[in-house]
Amino acid sequence: MENQATITEFDSILASRGVTRRDFMKLAGAVAVAAGLSELAAPRVAQALEESVIGATKGDLYPVIWIEGASCTGCTESFAQIETPDVATVVLDLISLNYSETLSAAAGHSVEEAKAQTIEAGNYILVYEGAVLEGWGGNALRVAGEVGTAALVDAAKSANAVVALGSCAVNGGWCAAHPNPSNAMGVQEYLKKAGVEATVVNVPGCPANPEWLMSVLVDVVVMKDPSLLLARLNDMAMPNDIFGQTIHDNCERRGHFENGEFVYEFGSEEEAKGYCLYPLGCRGPQTKSNCGVILWNNRRSWCVQAGAPCIGCCEANPNNPGQNWVEVNTPFYKRHRDLRIGDWTFQPGTIALALTGLVAAALVVHGFGMKVSGRMDGGADFEKIRKWDEKHPDKSIGKYDLTREEKAELAEKNCGHAVPEDDSEKGGQA
């Protein structure tokens with residue numbers, strides 16, 4: 001009876017939003033897939049959603065703190081533009097966004113006080129967006145009079161999970177690109193340096209797809225099973241079901257790649273036919289993400305479908321700020337990335353041309369040398385006997401046909417050691 005009452009109460013909530021029970025079960029299946037589960041887990045997810053939403057309507061909201069590091073707030077913007085009804089609608093009803101510098105209605109002292117109270121109470125999720133700036137003792141970024149690095153440490157210590165949202169939060173992103181004067185890095189690396197033990201979930205992208213964040217929140221908030229989340233993470237603490245395959249693996253243009261059909265110039269006939277964008281710098285083969293499956297803007301399209309090559313914005317090694325997507329992939333529309341020696345950047349093709357020029361110049365100089373020495377005129381004689389054989393006649397490798405006088409001369413020169421003969425070679429080297 002209690003379960004039936006819960007379903008009835010929940011159905012009335014759905015009806016008030018114009019959502020049918022059938023639509024809700026489809027949503028539960030989508031949530032299951034987003035959480036890395038099988039669609040067969042939809043009934044279990046549906047029950048968890050029902051109980052969580054009923055609790056949420058009675059004030060049982062899961063607190064979330066959203067801190068901005070060095071960022072453009074692009075991930076916040078991406079998250080805030082989700083349409084309804086979908087996965088985000090349900091999950092957002094389950095959380096209380098107690099602190100967000102971008103989205104909070106409050107400002108100043110009151111919102112900072114709300115953050116402090118949430119941290120003190122514990123049992124919350126920390127979403128950190130943007131790079132961590134360690135430069136100048138952390139003073140490269142200050143928030144509300146507080147050093148930015150200290151704000152991260154204070155919030156991460158008591159969090160149930162820390163979500164590093166976006167490539168900047170994962171390893172510094174474009175902020176960490178050369179020369180990186182502010183010593184930008186990712187959340188995981190900085191917390192490790194600061195000695196803070198925390199469950200960090202890295203969700204790269206510039207910006208990160210809001211559905212990726214939703215899937216993480218589903219594990220923590222809805223399913224209430226941390227083991228589900230930890231089981232999804234790979235060795236870079238990224239959800240493997242999202243970042244386990246390359247863009248190329250699921251690209252809609254891969255058939256053209258296999259057929260050798262490529263676009264070499266924008267505005268060409270090949271581009272109009274939707275051929276592969278690999279020669280124009282597409283980083284799909286090296287970038288791991290499921291963009292081509294989840295898509296963007298409520299699954300309407302994505303970069304390659306819109307005609308742009310993948311620029312690899314999900315490439316972010318959390319253990320190395322230097323392997324950020326800007327450093328690794330620029331210039332975006334060239335086939336090869338720039339190579340760097342100090343402050344000098346160059347394309348591999350430039351080095352190839354330079355080496356080709358050096359080899360050509362060396363050949364020209366060698367040709368002039370041969371001409372000057374007369375060896376190109378046929379007047380220069382080849383040695384009749386190898387120098388080594390001449391000095392070690394008893395261990396000679398080659399055999400030579402020498403005149404009697406030449407043999408006597410060499411024997412006298414080498415203390416009577418005879419020179420071996422070779423009737424097949426007349427005065428030349430073996």
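Let me start with Asn-183, which is partly exposed at a relative accessible area of 33%, where buried means under 20% relative accessible area, exposed over 50%, and partly exposed in between, with a 1.4 Å probe and protein chains only. Phi of Asn-183 is near 55 degrees, a positive value in a residue other than glycine, and Asn-183 sits in the loop between α8 (167-171) and β8 (184-185); helices (H or I, at least four residues) and strands (E, at least two) are DSSP runs, numbered from the N terminus.

Before I go on, a word on the basis: this is a predicted model, in which local features need pLDDT of at least 70 and side-chain atom pairs count only at pLDDT 80 or more, while totals for chains, interfaces and linings use all residues. Residues are numbered from 1 along each chain as its sequence is written, and side-chain values use heavy atoms, with hydrogens and water left out.

Ala-237 also has a positive phi, near 60 degrees, in a residue other than glycine, and it is found in the loop between α11 (226-232) and α12 (240-243). Is Ala-237 buried or exposed? At 13% relative accessibility, Ala-237 counts as buried.

Staying with the backbone, most residues other than glycine have a negative phi, and most peptide bonds are trans. Here the peptide bond from Cys-206 to Pro-207 is cis, with omega near 0 degrees, and Pro-207 lies in the loop between β9 (200-203) and α10. A cis peptide bond also joins Thr-330 and Pro-331, with omega about -5 degrees, and Pro-331 lies in the loop between α16 (325-329) and β10 (339-341).

Now to the interior. In soluble globular proteins, nonpolar side chains tend to be buried together. A nonpolar core, as I use the term, is a set of buried Ala, Val, Leu, Ile, Met, Phe, Trp, Tyr and Cys residues joined through side-chain atoms within 4.5 Å. The largest such core has 74 residues, and those that touch the most other members are Ile-125, Leu-126, Leu-152, Leu-165, Val-187, Val-203 and Trp-212. Which helix gives this core its largest share? That is α10 (residues 210-222), with nine residues.

On a 1 Å grid over the protein atoms alone, a cavity is a set of points where a 1.4 Å probe fits but cannot get out, and lining residues have an atom within 4 Å of a point; grid points are joined across faces, edges and corners, and a volume is the space filled by probe spheres set on the points.

The largest cavity holds about 100 Å³ of space, and of the 13 residues that line it, His-248, Cys-251, Cys-276, Leu-277 and Cys-282 lie nearest its centre. Its lining divides into nine nonpolar, two polar and two charged residues, where Ala, Val, Leu, Ile, Met, Phe, Trp, Tyr, Cys and Pro count as nonpolar, Asp, Glu, Lys and Arg as charged, and the others, Gly among them, as polar.

The second largest cavity has a volume of about 50 Å³, and Val-64, Trp-66, Phe-79, Ile-95, Leu-97, Val-127, Leu-213 and Leu-217 line it. That lining is made up of eight nonpolar residues, with no polar and no charged ones, and β1 (62-68), β2 (95-100) and α10 each supply at least two of its residues.

Finally, the charged pairs. A salt bridge here is a side-chain nitrogen of Lys or Arg within 4 Å of a carboxyl oxygen of Asp or Glu, and by this rule the count comes to eight. Asp-241 and Arg-232 meet in one of them, at 2.9 Å from N to O; Asp-241 counts as partly exposed at 36% relative accessibility, whereas Arg-232, at 7%, counts as buried. Glu-269 and Lys-273 form a salt bridge at 3.2 Å, N to O, with Glu-269 exposed at 53% relative accessibility and Lys-273 partly exposed at 47%. Elsewhere, salt bridges that share partners join Glu-112, Lys-115 and Glu-146 into one network.

Conventions:
1 Å grid on protein atoms, 1.4 Å probe; cavity = no way out; pocket = protein on both sides within 12 Å on 5 of 7 lines; lining within 4 Å.
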